[in-house]
Amino acid sequence: MIPREIMHKRMELKLRGRVLYRPNEAEIQRKENMWKLKLPLDYRQFLKEYNGGVPEKSEFKGNHSNRTYMVETFLSIIKVEDYAEFGDYDIDVIHTQLDERLSANEDLVGYDMVPIAQIFAGDYVCLDYRESSDYPCVCMES
């Protein structure tokens, strides 16, 4: 689960222009059904309020290294038919581009990792469901 202090205390969001689209509960549930997983409540609320965005304070340190990372942008759920020009920030679009990197299981139906933020240099922060379908951990995918 994403620690609340990362998203709400240390990373105050400065949104890219206005919020184009805020998914409602039914739309988030449709995505969960498609992805075959349940998003953490904190992250569901984040999507409803911000649905992406650029953090005001973008730096954070990894748990197992002294390396500093910078979030370029949080990913979002986008109605591609209405906002196609923002497709590069859509969770599904990014997941499709990273498909081979995010899962080694060829028989997987749904997602076992969900990209939620793009890091400078082409890496991603992901919700990782491989060890627990109820309590994903946050990991880096490079």
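Predicted model: local features only at pLDDT ≥ 70, side-chain atom pairs only at ≥ 80, totals over all residues.

**Entry 1: two helices**

I began with a pair of helices and found that H2 and H3 are oblique to each other; I count angles under 35 degrees as roughly parallel, over 145 as roughly antiparallel, 65 to 115 as roughly perpendicular and the rest as oblique. Helices (H or I, at least four residues) and strands (E, at least two) are DSSP runs, numbered from the N terminus. Residues are numbered from 1 along each chain as its sequence is written, and side-chain values use heavy atoms, with hydrogens and water left out.

Two packed helices are described by the angle between their axes and the distance between the axes. For H2 and H3 I noted an angle of about 125 degrees and axes 10 Å apart. Axes here are lines fitted to C-alpha atoms, for helices over the stretch in contact, and angles run from 0 to 180 degrees between N-to-C directions. The crossing of H2 past H3 is right-handed; the rule is that a crossing is left-handed if the near helix is turned anticlockwise from the far one by less than a right angle, and right-handed if clockwise.

Which residues meet between H2 and H3? From H2 I listed Glu-25, Ile-28, Gln-29 and Glu-32, and from H3 Arg-44, Leu-47 and Lys-48. Contact means heavy atoms within 4.5 Å.

I stayed with Glu-32 in helix H2. Glu-32 is buried, at a relative accessible area of 4%; buried means under 20% relative accessible area, exposed over 50%, and partly exposed in between (1.4 Å probe, protein chains only). Apart from neighbours within four places in sequence, Glu-32 is in contact with Leu-37, Lys-38, Leu-39 and Arg-44. I also looked up the C-alpha atoms of Glu-32 and Tyr-111, which are 9.3 Å from each other although the two residues are 79 residues apart along the chain.

Is Lys-31 buried or exposed? Lys-31, also in helix H2 (residues 25-35), counts as buried because its relative accessibility is 17%. Setting aside residues up to four places away in sequence, Lys-31 touches Ile-77 and Asp-92.

In helix H3 (residues 41-49) I wrote down the buried residues as Asp-42, Tyr-43, Arg-44, Phe-46 and Leu-47. Just after H3, Asn-51 has a positive phi of about 45 degrees.

**Entry 2: the sheet**

Next I turned to the strands. An open sheet of 5 strands has the order E3-E4-E5-E6-E7, with antiparallel pairing. Its edge strands, each pairing on one side only, are E3 (59-61) and E7 (137-141). From one strand to the next, the twist averages 45 degrees. Two strands pair if DSSP finds at least two bridges between them.

I then walked across the sheet. E3 and E4 are joined by 3 bridges in the antiparallel sense, and Phe-60 faces Tyr-69 of E4. E4 (residues 68-74) pairs with E5, also antiparallel, over 3 bridges, with Phe-74 opposite Ala-117 in E5. E5 and E6 (residues 123-128) run antiparallel with 6 bridges, and Met-113 has Asp-128 in E6 as its bridge partner. The hairpin of E5 and E6 has 3 residues between the strands, and Ala-121 there takes a positive phi near 85 degrees.

Why do I call E5 (residues 113-119) largely enclosed by the rest of the structure? Because 7 of the 7 residues of E5 are buried.

**Entry 3: the cysteines**

How many disulfides does the structure hold? I found 0, where a disulfide is a pair of cysteine sulfur atoms within 2.5 Å. The sulfur of Cys-126 has its closest cysteine sulfur in Cys-139, at 5.0 Å, which is too far for a bond. Cys-126 counts as buried, at 0% relative accessibility, and Cys-139 counts as buried too, at 15%.

**Entry 4: the whole chain**

I finished with the overall tallies. The protein has 4 helices and 7 strands, and along the sequence they follow the pattern α-β-α-α-β-β-β-α-β-β-β. Of its 142 residues, 44% are buried. Among contacts between residues at least 6 apart in sequence, 54% join residues at least 24 apart.
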